[in-house]
Amino acid sequence: MSDEQDLYGELKPEVRALAQPLFALSEKKLRERGSFLPHAAALTAEGGVRLVGAMCNTADGVANSTHILPLLRQGLRTMAHERSVTAVGVAEDVTVKPEGKAATHAIKVHLEHSRGLTIELYLPFAHDTSGEITFGSTLSMFAPPEINAWDED
């Protein structure tokens, strides 16, 4: 086993504690609206989860992921520097192509832990013929950091 896999095994309860509310909110928004804007969360040193959102005004009045993601990442970096935060994560709607399979929509949850673990979890979904949303099995993979909440600037 690699050091990354060992660390993931050790931190899995914290990863799960942060990922579950992000997936739950994403699923709720998908069922209500058919889509969702990125949102985030932070895991406190005490084990609590703080959900984080961002809003912005644009020239045409419509915000999208391109506008929201940088705001969320900066907010999480600030939170990690000002509070005792153990892990941070961002959920977004993406298209993913699992190896050997067709491209599909998925909820992507990108998580970064203060101990150096960065992992992405993907929950594929599709709209069936009746308009209902069906979810597949979660995929996970190690990834490079995007938030960099604990980098020294």
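In this predicted model, helix H2 buries Ile-68, Leu-69, Leu-72, Leu-76, Met-79 and Ala-80. Viewed down the axis of H2, these buried residues fall within an arc of 100°, so they line one face of the helix. An α-helix has 3.6 residues a turn, so residues three or four places apart point the same way. On the other side of H2, Thr-66 and Glu-82 are exposed. The cover over the buried residues of H2 includes strands S1, S2 and S3.

H2 runs over residues 65-82, which makes 18 residues. From first C-alpha to last, H2 reaches 25 Å, close to the 26 Å expected at 1.5 Å a residue.

| Strand | Residues |
|---|---|
| S1 | 39-44 |
| S2 | 49-52 |
| S3 | 85-96 |

Ile-68, buried in H2, also belongs to the lining of the largest pocket. That pocket has a volume of about 190 Å³. By type, the lining divides into 7 nonpolar, 3 polar and 2 charged residues.

A separate point concerns the backbone. Most residues other than glycine have a negative phi. Asn-148 has a positive phi of about 55° although it is not a glycine. Asn-148 is found in the segment after strand S7 (139-142). With a relative accessibility of 26%, Asn-148 counts as partly exposed.

Notes:
Residues are numbered from 1 along each chain as its sequence is written. This is a predicted model: local features need pLDDT of at least 70, side-chain atom pairs count only at pLDDT 80 or more; totals for chains, interfaces and linings use all residues. Side-chain values use heavy atoms; hydrogens and water are left out. On a 1 Å grid over the protein atoms alone, a cavity is a set of points where a 1.4 Å probe fits but cannot get out, and a pocket is an open set with protein on both sides within 12 Å along at least five of seven lines; lining residues have an atom within 4 Å of a point. Grid points are joined across faces, edges and corners, and a volume is the space filled by probe spheres set on the points. Ala, Val, Leu, Ile, Met, Phe, Trp, Tyr, Cys and Pro count as nonpolar, Asp, Glu, Lys and Arg as charged, and the others, Gly among them, as polar. Helices (H or I, at least four residues) and strands (E, at least two) are DSSP runs, numbered from the N terminus. Buried means under 20% relative accessible area, exposed over 50%, partly exposed in between (1.4 Å probe, protein chains only). The expected span of a helix is 1.5 Å times one less than its number of residues. The arc is that of the directions from the helix axis to the C-beta atoms. Contact means heavy atoms within 4.5 Å.
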